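Keep the structure open as you read.

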Amino acid sequence: MPTAVEVIRAKRDGGVLSDEQIRWFIDAYTRDEVAHEQASALLMAIFLHGLNAQELGVWTDAMIASGIRLDLSSVPMPTVDKHSTGGVGDKISLPLCPLVAACGVAVPQLSGRGLGHTGGTLDKLESIPGIRTDLDQDAFVRQLSDVGTVIAAASADLAPADRRLYALRDVTGTVESIPLIASSIMSKKIAEGTSGLVLDVKVGRGAFMTDIDRARELARTMVGLGRGHGVATVAVLTDMDTPLGLTAGNAVEIQETLEVLQGGGPADVVEVTLALAEEMLELAGVDADPSAALQDGRAMDRWRRMVIAQGGDPDAPLPIARHVSEIVADDDGEVQDVHAMGVGVAAWKLGAGRARKEDPVSAAAGVVLRVQVGDPVTRGQVLAELHSDTEEQLAAGIEAIDGAVRVGAAPVSARSRVLERIRAS
Ligand code: URA
């Protein structure tokens, strides 16, 4: 049997780990038989030396094998999920899941909560009065069959090795490693039991990956892992230099979701939603027009069924913040830039996000932009509203958003959000 020190030394010296060493290490760490400091050392060695394709496949496999794998074979439609690497104002799962379900493809979404400047889909969904996201496995599969989509929290027994390793990476400076990110994301998605997967890999100042070459490498690595595990996987690279849509927060993003489901909403949110929906339908081999399903109310109908099935009231008023402050333009001109990180940090400081996993979030807090890049503005015009429950948080949000919306004289042309599609590793 391998020992932890032998495995650490092998990777420290730039060697290749055997299948047995990897499987043993992950299993032993999940069972508390390898110490945190030993796992930390191995993570740093992997951060520095990487994993080759064989090692990465086995590492991911071992993380999947650390917990349960959902069986979705009773669902009477093809299953395709979507995962985003996270960004500011990224509410796309909310309109996308019911939209794709309305087109005949089941979307089993196990989602996460936000940390720092990026919001989590569950936090946003939970601003709907009454809604539950802690479904057990039977309820999850039943709703998927009946409604065609579920957005729920991943249970602790899905890839538990990742839960432990991710917490450790967070405190040991080993998060930003492509093999570790790819195996972390893909182990959870493969364990979820979906047949197909579309990855939205965000690139830009508000994303995990600020550099397009690294984003491409991450996307190719994840596509390869998915296919290697029998999950039809494609990736779409999308721009995250500026916030997606006009809202960043919780209830404010639900409000924007409802606008999209009513056939309106910001053009960039609609563009990304439709691009991902088309990829998901293609993976499932379903020939349908998602744009028509947004316009004619079928996607909205599915949204309402999903919310009701999860105990929520789709007609209940959304929470409203106690304090609202406006940011106004100092000059006439055109909006040159809206800095995603500035807006994301402001939403977080206003109370919409959390610094630690255990922190509560405010449903009502967030940023509502009134302009996007390229819009003409006049001096005194409102550029953004900040929503918060407390005056202290409001002051912190005002400080964080300072300079994030830049107005100038140069003409600015609109850009597409969808940068590239990656279908092979
Ligand atoms: N999201 C994950 O689930 N894992 C990572 O490593 C990074 C982002």
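Predicted model: local features only at pLDDT ≥ 70, side-chain atom pairs only at ≥ 80, totals over all residues.

**Around the ligand**

Tyr166, Arg169, Ile181, Ser184, Ile185, Lys188 and Phe208 surround the ligand, each with a heavy atom within 4 Å of it. By class, this shell holds 4 nonpolar, 1 polar and 2 charged residues. Here Ala, Val, Leu, Ile, Met, Phe, Trp, Tyr, Cys and Pro count as nonpolar, Asp, Glu, Lys and Arg as charged, and the others, Gly among them, as polar.

Two helices, α8 (160–172) and α9 (178–191), each supply at least two shell residues. The most come from α9, with 4 residues. Helices are DSSP runs of H or I with at least four residues, strands are E runs of at least two, and both are numbered from the N terminus.

Residues are numbered from 1 along each chain as its sequence is written. Local features need pLDDT of at least 70, side-chain atom pairs count only at pLDDT 80 or more, totals for chains, interfaces and linings use all residues, and side-chain values use heavy atoms, without hydrogens and water.

Now the polar side chains. An atom of Lys188 lies 2.5 Å from a ligand oxygen. For Arg169, the distance to a ligand oxygen is 2.9 Å. Ser184 places a polar side-chain atom 2.6 Å from a ligand nitrogen.

**The sheet**

Elsewhere, 3 strands form an open antiparallel sheet in the order β10-β8-β12. Strands pair if DSSP finds at least two bridges between them. β10 (376–377) and β12 (405–408) are the edges, each with a single partner strand, so one side of each lacks a neighbour in the sheet. Strand β8 (residues 333–338) pairs with β10 over 2 bridges. Glu334 has Pro376 of β10 as its bridge partner.

Conventions. Polar contact = N/O pair within 3.5 Å; in protein donor to acceptor, adjacent residues only side chain to side chain.
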